[in-house]
Amino acid sequence: MRLKIAILEYICCSGVFSDCTREATRAPLTALLAEGYAMLSALTRDLIEAGVDVHSPLEPSIAAWPRSRTWTDSRWTRSPVPYDPNRSVDDVATLWIDAIEGCDAAIVIAPELDGILPQITHRLRNHGISVLAGDELFVATACDQLRTCQAWHTANVRHPETYLLEEFLRIAPAGVEKLGWVVKRRDSAGCVGQQRFETTSRLVQEALRRSDLRNSPDRWVVQPWVLGTPVSLAALCEETSRGEEIRVLGAFEQHFAACSSEQETGWGYAGGAGPV
């Protein structure tokens, strides 16, 4: 009997989104619909080629998107998930628990925003489902920009200095000017909501003016702008009889589409290429 794995991509498989919400105002997650679809399809194709059966619950209008050969492969089974834009993260986890009964394990692809990924991973594991991912401490740390930087610091790994926005606003007047500053969501590993400010004074001015920054300064981190090529690094880490092993899969260049104004720049993820 072949291994059967459930692939659960939050945007396509939760039923919270549909094809008609791509241009709607459910930002920032609706911007991730095409990206989520691409990850779901690519991972499914790879697992099928490795001899694994795959199952995914899918919102019907997303399931009707133009189909590659992966979509028509009989080894990828799909069950319909009714569209409900008001479904909570906890409700999604409950829906998935029922939908993937009979699968040997699950892979969850979900945004770090608002704690979605750690919440769902925790719920599935508490129900006895084998989730193929790092342990809960790793997931929680990787989904929190500040905790990630603190972990790097503890391990003596070089990284950009990182502040909570509320801390930065206290020390900014005495700070040394950089090439600019980047403000981004703390509960994220991507660029959703990320902005660049050319000067410290401009950042402070906007943080005091904008309600999203002013009302929740503990949800944003600030880092200096660093020149260079943005890349992501993929690796497989596991414990074996020989000890801990890390297999580096490669570094991939990240592409961003910039939206600029006179003093600041925001980004949207535009894909990647690699290995570099």
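In this predicted model, 4 strands form an open sheet. Their order is E3-E2-E1-E4, and the pairing is parallel. Two strands lie at the edges: E3, residues 76-80, and E4, residues 105-109. Each of these edge strands pairs on one side only. From one strand to the next, the twist averages 25°.

The pairings can be followed strand by strand. Strand E2 spans residues 53-58 and is joined to E3 by 5 bridges. The two strands run parallel. Within this part of the sheet, Leu58 stands opposite Pro80 in E3. Helix H4, residues 89-99, packs on the sheet. The helix touches E1 (4-9), E2, E3 and E4. The direction of H4 makes about 140° with that of E2.

Strand E1 has partners on both sides, E2 and E4. With E2, the pairing is parallel and runs over 3 bridges. Here Ala6 stands opposite His55 in E2. With E4, E1 is joined by 5 bridges, and these strands also run parallel. In that pairing, Glu9 faces Ile109 as its opposite residue in E4. Strand E1 is also well covered: 5 of its 6 residues are buried, so the strand is largely enclosed by the rest of the structure.

Helix H7 covers residues 145-154. Its buried residues are Gln145, Leu146 and Cys149. Seen down the axis of H7, these buried residues fall within an arc of 100°, so they line one face of the helix.

The cysteines were examined next. A disulfide is a covalent bond between the sulfur atoms of two cysteines. The count for this model comes to 0 disulfides. The cut-off for a disulfide is 2.5 Å between the sulfur atoms. Cys12 is buried, because its relative accessible area is 0% and burial requires a value under 20%. Cys103 has a relative accessible area of 19%, so this residue also counts as buried under the 20% limit.

Glu244 gives an example from the other end of the accessibility scale. This residue is in strand E10, which spans residues 243-260. Its relative accessibility is 70%, so Glu244 counts as exposed; the threshold for that class is over 50%. Glu244 still has contacts beyond its neighbours within four places in sequence. The partners are Glu238 and Glu239.

Of its 276 residues, 41% count as buried. The chain exposes about 15,200 Å², and carbon and sulfur atoms supply 53% of this area. Contacts in the chain were also sorted by sequence separation. Among those with a separation of 6 or more, 61% come from residues 24 or more positions apart.

Terms used
Residues numbered from 1 in each chain as written. Predicted model: local features only at pLDDT ≥ 70, side-chain atom pairs only at ≥ 80, totals over all residues. Heavy atoms only, no water. Pairing = 2+ DSSP bridges. Axes fitted to C-alpha atoms, helices over the stretch in contact; angles between N-to-C directions. Contact = heavy atoms within 4.5 Å. Buried < 20%, exposed > 50% of the residue type's maximum accessible area, 1.4 Å probe, protein only. Areas by Shrake-Rupley, 256 points an atom, 1.4 Å probe, with all protein chains shown as cover. Arc of directions from axis to C-beta.
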